[in-house]
Amino acid sequence: MMLTTNPFDDDKLREECGVFGIWGADTASAMVALGLHALQHRGQEAAGITSWDGRAFHSHRAMGHVAGNFDREDIVRQLAGRAAIGHVRYSTTGETALRNVQPLFAELSSGGFAVAHNGNISNALKVRRELNRRGSIFQSTSDTEVIIHLVATSTYRTLLDRFIDALKQVEGAYSLVCLTSEGMIACRDPLGIRPLVMGRLGDAYIFASETVALDVVGATYIRSVEPGELIIVSGRGVTSHRPFAPVQPRPCIFEHVYFARPDSIVDGSSVYTVRKRIGAELAIENAVDADYVVPVPDSGVPSAIGYAQQSGIPFELGIIRSHYVGRTFIQPSDQVRHLGVKLKHNANRALITGKKLVLIDDSIVRGTTSLKIVQMLRDAGAREVHMRIASPPTRHSCFYGVDTPERAKLLAAQMNVAEMNDYIKADSLAFLSIDGLYRALGDDMRDETAPQHCDACFTGQYPTRLTDHEEHESVDQLALLAERYA
């Protein structure tokens, strides 16, 4: 039996993926591999790179982490060319299989076309059924593949117009980096739900899900790709297109809470700074008498620092994380499996014995992790454990590229805060308000008539139609349909 040795991270919302593309670099595929290393937190299931050498496309895709798959010189050497795109993946649609690993590639009438996608097409099954009826033959169960087929079957003449035509037929969230023989295309959906940034390294242009991927290759951050913007980089230069009618952007608010690395800049804001402000707002809204502020490592650290600074309660590492444990190991029995929880995180017993603690985490999903953490601290001698969550209760599933449990498995969808507190067995439990979260992002409060972010996981107010979900009520039904139309 296999069990993750990162039990505290397993009860988290997971981003579907990260993308990275570079045009005009002598060592393009090596640069992409480095960029993907920096984006590994966005997807740890699989990774892939596709390059273009001016004559042919080259691809390598593999299950697992970037390290071990793309740190081999022979593989990188095979990915020849001065242009390449890459992808790291968690699956939110489609099975876990090599055929779904991106970048996806196809030979179209206009030439080779590779695409790496961060997000989720919320009408992919409906579009897929129509394409099947028209004769399309799909090679994967990924929602991303519908984009390739829509481009291939478009009646417009130029590749750009065919690509725009394809995008106008899909709903949901997408940040795309595409590689063709004519150039590289980067675009973001009209609402800008998923992030995408642009950078430069000498004469090369780079696109990535987060600025931290630019930092690791020594590139200069230029700006975010704007919602609804489509940028083309080729031998003729850089051009920007805006083929969609302008709408109020709704970037994902959870990027600031958990998804993005704290050393990234998302939509112009430092993630680390925002998370510290989130912690400060949490302290203002939900004060508690305690000896120490303790983060759940590593995602709770910046908010815990902000909480400590605002409240005046000392910040301490009451939980120590080991960074030297592999992702999985074989569990021979329930008893050993239970002990395995402590391989990744362990209570700092000498510090917390007899103390009253404020425990800071970024979110509660199923609640199983919070229950384990509270019990671990009590077993280590904590006198009181008061849990404070640096976001509002997660009551709704995400359909925009986040691996979310169905709503029936979200603790906050089934219980009120008092009941949740009883479940996790804390001395008290409190969440940041939605207005507090918006204040931390620099807004006075949430505009209920026109929210400034996609916050549907908290509010249930989805910014787009959810065609596939509306037709089929449960995630399980969607998975079955995806397999049926594979």
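Visitor: What is the relative accessible area of K425?

Guide: K425 has a relative accessible area of 47% and is partly exposed. Buried means under 20% and exposed means over 50%, so a value in between is partly exposed. Keep in mind that this is a predicted model.

Visitor: Where is K425 found?

Guide: K425 sits in the loop between α15 (417–424) and β25 (428–431). Look at its backbone too. Most residues other than glycine have a negative phi. K425 is not a glycine, yet its phi is positive, about 65°.

Visitor: Which phi does D267 have?

Guide: D267 has a positive phi of about 50°, and it is not a glycine either. Find D267 in the loop between β16 (265–266) and β17 (269–270). D267 counts as partly exposed because its relative accessibility is 34%.

Visitor: Now peptide bonds. Which kind of bond joins Q102 and P103?

Guide: The general idea comes first. Most peptide bonds are trans. The bond between Q102 and P103 is cis, with omega about 5°. P103 lies in the loop between β6 (83–89) and β7 (104–108). Another cis bond joins P297 and D298, with omega about 0°. D298 is in the loop between β18 (292–295) and α10.

Visitor: Let me try a residue. Where is D455, and what does it touch?

Guide: D455 is in the loop between α16 (434–440) and α17 (456–459). Set aside residues up to four places away in sequence. D455 then touches R250, I253, I434, Y438, R446, G460 and Q461.

Visitor: Why does D455 count as buried?

Guide: D455 counts as buried because its relative accessibility is 0%.

Visitor: What about helix residues? Where does L160 lie, and what is it in contact with?

Guide: L160 lies in helix α6 (residues 159–167). Leaving aside neighbours within four places in sequence, L160 is in contact with L230, I232 and H241. L160 is partly exposed, at 22% relative accessibility. Compare sequence with space. L160 and I185 are 25 residues apart in sequence, and their C-alpha atoms are 8.9 Å apart.

Visitor: And which helix holds L34?

Guide: L34 belongs to helix α2 (residues 28–38). L34 is partly exposed, with a relative accessible area of 39%. Beyond its neighbours within four places in sequence, L34 is in contact with V216 and V217. From L34 to F20 is 14 residues in sequence and 9.6 Å in space, C-alpha to C-alpha.

Visitor: How do I read a nonpolar core?

Guide: In soluble globular proteins, nonpolar side chains tend to be buried together. The largest nonpolar core here has 37 residues. Its members F254, I278, V293, Y307 and V358 touch the most other members. At least two residues of this core come from each of α8, α9 (271–285), α10 (301–311), β22 (356–361), α16 and α17. Another core lies apart from it, with 29 residues, including A124, V127, I148 and L159.

Visitor: How many cavities of 30 Å³ or more does the structure hold?

Guide: There are two. By class, the lining of the largest cavity has 13 nonpolar residues, one polar and one charged.

Visitor: Which residues line the second largest cavity?

Guide: L108, S110, G111, G112, F113, L159, T180, S181 and E182 line it. The second largest cavity holds about 30 Å³ of space. Strand β8 (residues 111–121) gives the largest share of that lining, three residues. The classes in this lining are three nonpolar, five polar and one charged.

Visitor: Last topic. How many disulfides are found in the whole structure?

Guide: A disulfide is a covalent bond between the sulfur atoms of two cysteines. The search finds zero here.

Technical notes
Residues are numbered from 1 along each chain as its sequence is written. This is a predicted model: local features need pLDDT of at least 70, side-chain atom pairs count only at pLDDT 80 or more; totals for chains, interfaces and linings use all residues. Side-chain values use heavy atoms; hydrogens and water are left out. Helices (H or I, at least four residues) and strands (E, at least two) are DSSP runs, numbered from the N terminus. Buried means under 20% relative accessible area, exposed over 50%, partly exposed in between (1.4 Å probe, protein chains only). Contact means heavy atoms within 4.5 Å. On a 1 Å grid over the protein atoms alone, a cavity is a set of points where a 1.4 Å probe fits but cannot get out, and a pocket is an open set with protein on both sides within 12 Å along at least five of seven lines; lining residues have an atom within 4 Å of a point. Grid points are joined across faces, edges and corners, and a volume is the space filled by probe spheres set on the points. Ala, Val, Leu, Ile, Met, Phe, Trp, Tyr, Cys and Pro count as nonpolar, Asp, Glu, Lys and Arg as charged, and the others, Gly among them, as polar. A nonpolar core is a set of buried Ala, Val, Leu, Ile, Met, Phe, Trp, Tyr and Cys residues joined through side-chain atoms within 4.5 Å. A disulfide is a pair of cysteine sulfur atoms within 2.5 Å.
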